[in-house]
Amino acid sequence: MTQNDLLNLNYSSIDDAREEMTRLLSDRNPNYSLAQPLYNDPYMFRVDMEEVFQKEWLFVGMSSEIPTKGDYFTVEIGQNPVLIVRAADGTINAFHNTCRHRGSRICLEHRGKVANLVCPYHQWTYDTKGNLLFAGTEMGEGFDMKQHGLRTAQCKVAGGFIFICLSEEPPESDFEEFLATLEEYMEPYDVDNTKLAVESNMYEKANWKLVLENNRECYHCAGSHPELLNTLLEWDDTNDPRATPEFLAHYAKQAEAWDAEGIPHQHKSFGHRNRIVRMPLKEGTEVMTIDGLKGCEKLLGRIKSRELGSMRILHLPNSWNHMQSDHFIVFRVLPISAQESLVTTKWFVHKDAVEGIDYDPERLRQVWDATNDQDRILGEENQRGINSMSYQPGPYSTTFEFGVINFIDWYASSVLNNLNK
């Protein structure tokens with residue numbers, strides 16, 4: 001099939017699109033970018049939503065965003081509205097944000113606090129465990145409220161990270177091992193005693209995979225991210241094939257200090273989907289601020305040294321994160337359409353830190369606001385180029401873009417596995 005044939009694909013059903021996706025992923029050239037429809041075709045996007053975002057574990061937020069009973073936030077996974085709420089017993093639950101009466105969304109705000117979950121349409125009322133408490137006498141004497149509780153979504157919390165899965169049979173493999181390691185590595189930060197300092201939401205006119213591909217390499221950093229490179233070392237991790245002897249010596253010195261403080265830092269990978277690694281920042285810098293100096297007066301958890309570097313946490317398909325000494329930053333990507341994505345960035349500080357005294361939100365977000373916007377432009381121009389009739393898959397560098405290769409390999413194998421179930 002030629003490139004022009006790919007541009008003129010017509011699907012008579014979603015099943016045809018699934019068959020074509022199976023062929024494109026099975027026949028793809030390893031270490032090359034994907035065929036054009038996988039980046040811009042609405043049918044392929046629907047398959048992505050059904051086989052990735054409705055079946056895989058997704059990062060949605062942090063436990064400290066909902067610190068007390070009745071606190072909630074909402075998230076949209078494609079056309080699936082979901083609410084995450086802390087129950088009276090302290091547990092965190094995820095529910096489909098749709099009333100069991102006539103389907104209206106229940107929680108309309110992005111975040112809030114409730115005693116119970118009340119549908120604004122006809123006032124059906126649920127507790128924070130999803131049990132139906134009130135439906136009115138209009139439903140008749142034979143109506144069984146126990147059969148009409150909110151539909152749950154799978155939910156797991158580890159190290160303060162909240163993950164949900166919309167599938168009734170979520171993938172396990174090594175996910176539980178990753179969660180256990182995440183719990184261990186996040187212990188020094190004491191996430192329960194942090195708070196959300198500031199949040200940004202950016203719409204990027206690019207396919208979600210292009211957003212992730214851009215994140216998984218720093219090949220473009222020197223030419224695009226001057227603010228970020230004030231503090232960030234471009235090496236992806238300690239196994240980066242480009243790592244210089246000088247960097248490895250710098251890492252060894254930092255690792256000795258981390259060991260003395262009991263801070264976990266060994267590289268941990270769980271297939272291509274999940275990875276945790278602590279990396280030093282540039283010598284003489286503390287955190288990812290514009291000058292590399294403190295972002296908040298109060299350190300997090302039991303941390304004593306400001307030169308903690310950045311613990312990078314990767315979770316495919318939709319998150320990367322930077323944990324530092326006095327604040328941490330989490331990133332979440334959610335697809336909107338075949339050529340549009342929502343990138344959410346959140347900055348967290350110690351819960352007792354006072355805005356304007358201990359930290360300045362604008363200073364916290366300065367570097368990543370600039371970096372996110374630079375990446376948005378790169379992603380959108382990438383998308384526009386891929387939409388061209390002349391686009392053909394191009395080769396990745398096995399040294400500079402090995403992270404992208406890992407992501408595409410994970411994506412292809414996961415989708416093929418889910419399609420064949």
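**Strands, a helix pair and a buried arginine**

Ile77 sits across from Asn80 of strand 3. The model is a predicted one, so to speak of local features takes a pLDDT of at least 70, side-chain atom pairs count only at pLDDT 80 or more, and totals for chains, interfaces and linings use all residues. Numbering starts from 1 along each chain as its sequence is written, and side-chain values rest on heavy atoms, with hydrogens and water left out.

Strand 2 (residues 71-77) runs antiparallel to strand 3, and six bridges join the two. Pairing here takes at least two bridges found by DSSP between two strands; strands (E, at least two residues) and helices (H or I, at least four) are DSSP runs, numbered from the N terminus. Two residues lie between strands 2 and 3 in their hairpin, where Gly78 adopts a positive phi near 65 degrees. On to strand 4 (residues 92-96): strand 3 pairs with it in the antiparallel sense too, over five bridges, with Leu83 opposite Phe95. This hairpin has five residues between its strands, and Gly90 in the turn shows a positive phi of about 95 degrees. Strand 3 itself (residues 80-86) is mostly covered, with six of its seven residues buried (under 20% relative accessible area; exposed is over 50%, partly exposed in between, with a 1.4 Å probe and protein chains only).

Further along, three strands make up an open antiparallel sheet in the order 6-7-8. Strand 6 (117-118) and strand 8 (132-134) are at the edges with a single partner strand each, so one side of each has no neighbour in the sheet. Strand 6 is held to strand 7 (residues 125-126) by two bridges, and Leu117 faces Tyr126 of strand 7.

As for helices, helix 4 (residues 42-53) packs against helix 10 (residues 402-419) at about 85 degrees, the axes being 9 Å apart. Axes are lines fitted to C-alpha atoms, for helices over the stretch in contact, and angles between N-to-C directions run from 0 to 180 degrees. That puts helix 4 roughly perpendicular to helix 10 (65 to 115 degrees; under 35 is roughly parallel, over 145 roughly antiparallel, the rest oblique). From helix 4, Val47, Asp48, Glu51 and Val52 meet Trp410, Tyr411, Val415, Asn418 and Leu419 of helix 10.

Finally, Arg306 lies in the loop between strand 13 (274-279) and strand 14 (310-315). Arg306 is buried, at 16% relative accessible area. Beyond neighbours within four places in sequence, Arg306 has contacts (heavy atoms within 4.5 Å) that include Glu286, Glu297 and Asp326.
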